[in-house]
Amino acid sequence: MFTLDPETDALLVIDVQNDFCPGGRLSVPGGDEVVPLINRLAWLFPNVLVTQDWHPAGHHSFASQHEGAAPYDLARLPYGPQVLWPDHCVQGSWGAELHPGLDLPGAQLTLRKGFRRTVDSYSAFQEADRRTHTGLSGYLRDRGLTRVVLVGLATDFCVAWSAQDAREQGFGAAVIEDACRAIDLGGSLGAAWEAMAAAGVERVQSRDLLG
Ligand code: VGL
Ligand code: ZN
């Protein structure tokens with residue numbers, strides 16, 4: 001059973017952007033399939049918040065910035081291990097735009113992350129240096145929102161990191177599994193679900209909300 005509290009729950013729509021959909025530069029398998037479902041789910045939530053991965057050209061998470069590296073290699077950056085990605089979600093580019101089918105007229109906040117050239121930010125709460133905050137927890141607290149319900153891309157990266165950080169910051173967190181799609185690099189999807197369960201993230205299905 002999953003009971004929504006419209007007063008204190010927020011739907012957090014993670015990175016449903018062209019580059020993470022088929023035809024994009026970091027295409028997540030089936031990424032665009034979540035769009036109609038997210039549009040339906042959004043009607044249940046008076047509070048809808050959206051994130052965008054938003055990198056400057058030459059961002060250090062791009063393999064193109066590391067000599068001899070290929071996309072999906074693992075690198076050591078000053079703040080820790082970092083998967084290197086194809087160039088993606090470059091500020092102002094088509095790939096960084098939200099998927100055109102996303103229909104969220106009631107969305108209240110668009111939060112952009114990953115805009116510092118040398119630090120990545122999978123999480124909507126905290127950058128990969130684990131010190132720099134995006135401001136989302138302050139926003140939620142000021143608005144009396146106590147739980148985030150997460151949907152979007154990708155389950156095992158930005159969704160999982162955001163959900164775990166929500167818990168760490170003292171919020172409830174639930175992930176709607178079928179309203180997300182994963183990258184699944186070397187077992188990352190299974191590991192993400194394990195880590196989320198350990199952090200107290202609820203794992204739910206859209207039918208639990210839509211009936
Ligand atoms: C993401 C890889 C790189 C995500 C963002 O949105 O899950 N993944 N940047
Ligand atoms: Zn990124």
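Cys89 is buried, because 26 other C-beta atoms lie within 10 Å. Buried means 20 or more other C-beta atoms within 10 Å of a residue's own, exposed means 12 or fewer, and partly exposed lies in between, with C-beta atoms placed from the backbone. This is a predicted model, where local features need pLDDT of at least 70 and side-chain atom pairs count only at pLDDT 80 or more, while totals for chains, interfaces and linings use all residues. Residues are numbered from 1 along each chain as its sequence is written, and chains are lettered from A and ligands numbered from 1 in the order in which they are written.

- Most residues other than glycine have a negative phi, and most peptide bonds are trans.
- Cys89 has a phi near 45 degrees, a positive value in a residue other than glycine.
- Cys89 sits in the loop between S4 and S5. Helices (H or I, at least four residues) and strands (E, at least two) are DSSP runs, numbered from the N terminus.
- Arg130 also has a positive phi, near 65 degrees. Its place is the loop between S5 and H2.
- Arg130 counts as exposed because it has 12 C-beta neighbours inside 10 Å.
- Leu153 and Ala154 are joined by a cis peptide bond, with omega about -15 degrees. Ala154 belongs to the loop between S6 and H3.

**The ligand shell**

- Ligand 1 is surrounded by Asp15, Phe20, Asp53, Trp85, Tyr122, Leu153, Ala154, Phe157 and Cys158. To be near a molecule, a residue needs its C-beta atom, placed from the backbone, within 6 Å of it.
- This shell divides into 7 nonpolar, no polar and 2 charged residues. Ala, Val, Leu, Ile, Met, Phe, Trp, Tyr, Cys and Pro count as nonpolar, Asp, Glu, Lys and Arg as charged, and the others, Gly among them, as polar.

**The core**

- The largest nonpolar core has 56 residues. Such a core is a set of buried Ala, Val, Leu, Ile, Met, Phe, Trp, Tyr and Cys residues joined through C-beta atoms within 7 Å.
- Leu11, Leu12, Val13, Leu150 and Val151 have the most contacts inside this core.
- H3 gives the most to this core, with 7 residues.
- Leaving aside neighbours within four places in sequence, Val13 is in contact with residues including Ile38, Val50 and Val151. Contact means C-beta atoms, placed from the backbone, within 7 Å.

**Helices H3 and H4**

- The axes of H3 (residues 155-168) and H4 (residues 188-198) come within 10 Å and cross at roughly 10 degrees. That makes H3 roughly parallel to H4.
- Axes are lines fitted to C-alpha atoms, for helices over the stretch in contact, and angles run from 0 to 180 degrees between N-to-C directions. Angles under 35 degrees count as roughly parallel, over 145 as roughly antiparallel, 65 to 115 as roughly perpendicular and the rest as oblique.
- The residues of this contact divide into 6 nonpolar, 3 polar and 1 charged.

**Strands S3 and S4**

- Val83 is in strand S4 (residues 80-83). Val83 is partly exposed, with 18 other C-beta atoms within 10 Å.
- Leu74 is in strand S3 (residues 74-77). Leu74 is exposed, with 11 other C-beta atoms within 10 Å.
- Leu74 touches Pro81 and Val83, not counting residues up to four places away in sequence.

Conventions: Contact = placed C-beta atoms within 7 Å.
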